[in-house]
Amino acid sequence: MGTRLQAAPELDLVIFGGTGDLALRKLLPALLRLHQDELLPARLRVIGVAREDLDTDAYRALSAERMSQYLGAAFPAEAWASLAPKIDYVRVDALDASSYAHLAEVLNAEPARERVFYLSTAPRLFAAICDQLAARGLVSERSRVVLEKPLGHDLASSRAINDAVGGHFGEQQIYRIDHYLGKEPVQNLMALRFGNALFEPLWRRESVRDVQITVSEELGVESRGDFYDQVGAMRDMVQNHLLQLLCIVAMEPPASITPDAVRDEKLKILRALRPISGVDVNQKTVRGQYRAGAAGGQPVCGYLEEDHINPDSHTETFVALRAEIDTWRWAGVPFFLRTGKRMAQRVAEIVVNFRSVPHSIFGQSAESLNPNRMVIRMQPDEKVELHLLAKQPGDVMNLQPVHLNLDFAETFRSRRLDAYERLLMDVMRGNLTLFVRRDEQEAAWRWVEPIMDAWRTSGERPKPYTAGTWGPAASSALLGRDGLAWHEEI
Ligand code: NAP
């Protein structure tokens with residue numbers, strides 16, 4: 001963001017978990033598109049690392065096969081042919097110290113190169129990987145490490161991971177991924193807020209009625225039941241993605257776009273979140289679990305019938321909550337967060353609802369005029385819109401909603417980078433702005449933990465909702481108590 005930093009031309013990108021789903025479905029396709037756009041460092045070397053017994057040719061073949069499955073006809077065979085020679089494979093068992101010898105040999109053969117270690121493995125391996133890299137002398141001040149979620153399951157475990165990684169890498173070398181921050185509309189929201197004088201006077205309690213942040217999925221737990229049942233929607237989505245989006249909406253203007261200026265402001269928001277605990281938890285949060293229903297027109301089973309799920313599980317597949325930020329700017333403005341699996345649609349969006357006009361001159365009540373709204377949508381399509389009322393041409397004063405396109409997709413014809421492309425570029429360039437700092441992550445855990453504790457100690461089951469709906473009725477009631485409704489219910 002801002003001034004373009006240059007990546008070092010000579011760079012080694014080591015992907016631990018190089019044969020995994022994330023690496024083959026997201027990271028390598030992102031590298032391939034960056035390569036097509038000639039954005040990669042001139043002498044980049046990508047080293048896939050895993051335990052599987054492959055040589056480099058077999059790894060390149062596996063990568064090509066998976067990518068052509070995911071990308072179908074869009075797989076750019078020609079571009080791949082010129083990227084593939086930059087990709088190697090080294091077999092390492094993260095937990096076996098002796099198996100790092102070959103990796104050390106490969107990296108030390110070119111000692112002047114910058115090194116990025118992308119840890120796309122289960123987090124329980126992070127400490128061992130960092131210890132071994134350091135023990136082999138492979139970590140220098142110029143090295144960086146990228147950490148994928150989930151970074152722990154509570155504050156204590158996230159601290160343990162951060163301590164282990166932080167023992168060998170300084171905070172300025174640690175890139176914690178939250179891929180929502182890499183999405184174009186999220187950055188555009190920052191551009192609109194801080195690049196225009198127009199919005200600032202409106203971006204506050206006097207003009208904003210409520211904010212709604214939704215990340216919903218149509219899919220259920222798919223093949224990841226054993227993982228998901230230990231985690232649930234609060235840890236998987238709210239603690240990280242939804243709270244980061246809330247921060248981008250609510251943060252004060254930073255003094256600059258430098259990483260710590262931005263992250264300091266996000267941290268202040270996380271610290272200003274009013275704690276929800278005790279009796280408030282029932283009033284301000286809803287957790288749900290899907291029952292049998294439909295998805296894409298087909299019948300689907302309920303959560304408790306999915307593979308690898310404890311049939312008596314209390315794990316939530318849905319969360320809605322009413323957050324408040326105790327600052328002068330936001331006092332009294334509810335921020336509603338909602339996420340879930342097996343919901344009616346796959347949507348990721350932020351909706352900022354402005355207040356109604358104080359008085360209507362059009363013969364209708366002021367409340368019945370659609371209030372203005374800004375919609376920042378990340379899924380299924382990417383857009384930023386301002387919803388206004390305008391006069392329909394004709395002989396009567398008929399007001400109709402119109403949607404003003406604020407991302408100017410027609411104006412800017414340049415290709416949008418997807419989140420992983422953008423974040424990989426930033427890691428290679430050494431730009432931390434869109435990555436989460438340790439104190440932010442820990443502040444987020446501190447806020448969600450008492451809610452999860454209260455759910456656990458209540459012994460109550462999550463509220464059931466039918467697969468293919470917008471969640472339990474209690475989610476609508478959560479907004480109803482403020483006289484409000486979710487975006488799609490209006
Ligand atoms: P995955 O498909 O299970 O892949 C795991 C990778 O780690 C494989 O390459 C595996 O290869 C390697 N691995 C496992 N144990 C190892 C060991 N002892 N030493 C070296 N390599 C080892 O998992 P994934 O979906 O790619 O996810 C990786 C991480 O990213 C997870 O923490 C996940 O939660 C997170 N994440 C994934 C996604 C996604 O879309 N997939 C999104 C966000 C975050 P071998 O078995 O051959 O060693």
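I take a contact to mean heavy atoms within 4.5 Å. I note also that the model is predicted.

**Entry: helix H9 and its neighbours**

With that contact criterion, I looked up what the buried residues of H9 pack against, and I found helix H7 (184-195), helix H8 (225-250) and helix H12 (438-458). I listed the buried residues of H9 as Ala 261, Val 262, Arg 263, Glu 265, Lys 266, Leu 267, Ile 269, Leu 270 and Ala 272. I recorded that the list includes the charged residues Arg 263, Glu 265 and Lys 266. I then checked the length of H9, which covers residues 259-272 and has 14 residues. From the first C-alpha to the last, H9 reaches 20 Å, close to the 20 Å expected at 1.5 Å a residue.

**Entry: the chain as a whole**

I counted 13 helices and 17 strands in the chain. Along the principal axes, I read a C-alpha trace of about 80 × 55 × 45 Å.

For burial, I noted that 54% of the 490 residues count as buried. I also examined the contacts between residues at least 6 apart in sequence, and 78% of these join residues at least 24 apart.

**Entry: surface and charge**

My tally of charged side chains gave 58 positive and 66 negative. I found the centres of the two sets to lie 3 Å apart.

**Entry: Asp 426**

I located Asp 426 in helix H11 (residues 419-429). Is Asp 426 buried or exposed? I classed Asp 426 as buried because its relative accessibility is 0%, and the cut-off for that class is under 20%. Leaving aside residues up to four places away in sequence, I found that Asp 426 touches Tyr 175, Asn 431, Leu 434 and Phe 435.

**Entry: Ala 58**

I placed Ala 58 in helix H2 (residues 56-71). I classed Ala 58 as partly exposed because its relative accessibility is 30%, and that class lies between 20% and 50%. I then looked up the separation of Ala 58 from Glu 442, and the two are 384 residues apart in sequence. In space, I read 41 Å from C-alpha to C-alpha for Ala 58 and Glu 442.

Technical notes: Residues numbered from 1 in each chain as written. Predicted model: local features only at pLDDT ≥ 70, side-chain atom pairs only at ≥ 80, totals over all residues. Heavy atoms only, no water. Helix = DSSP H or I, 4+ residues; strand = E, 2+ residues; numbered from the N terminus. Buried < 20%, exposed > 50% of the residue type's maximum accessible area, 1.4 Å probe, protein only. Charge placed at Lys NZ, Arg CZ, Asp CG, Glu CD. Expected span 1.5 Å × (residues − 1).
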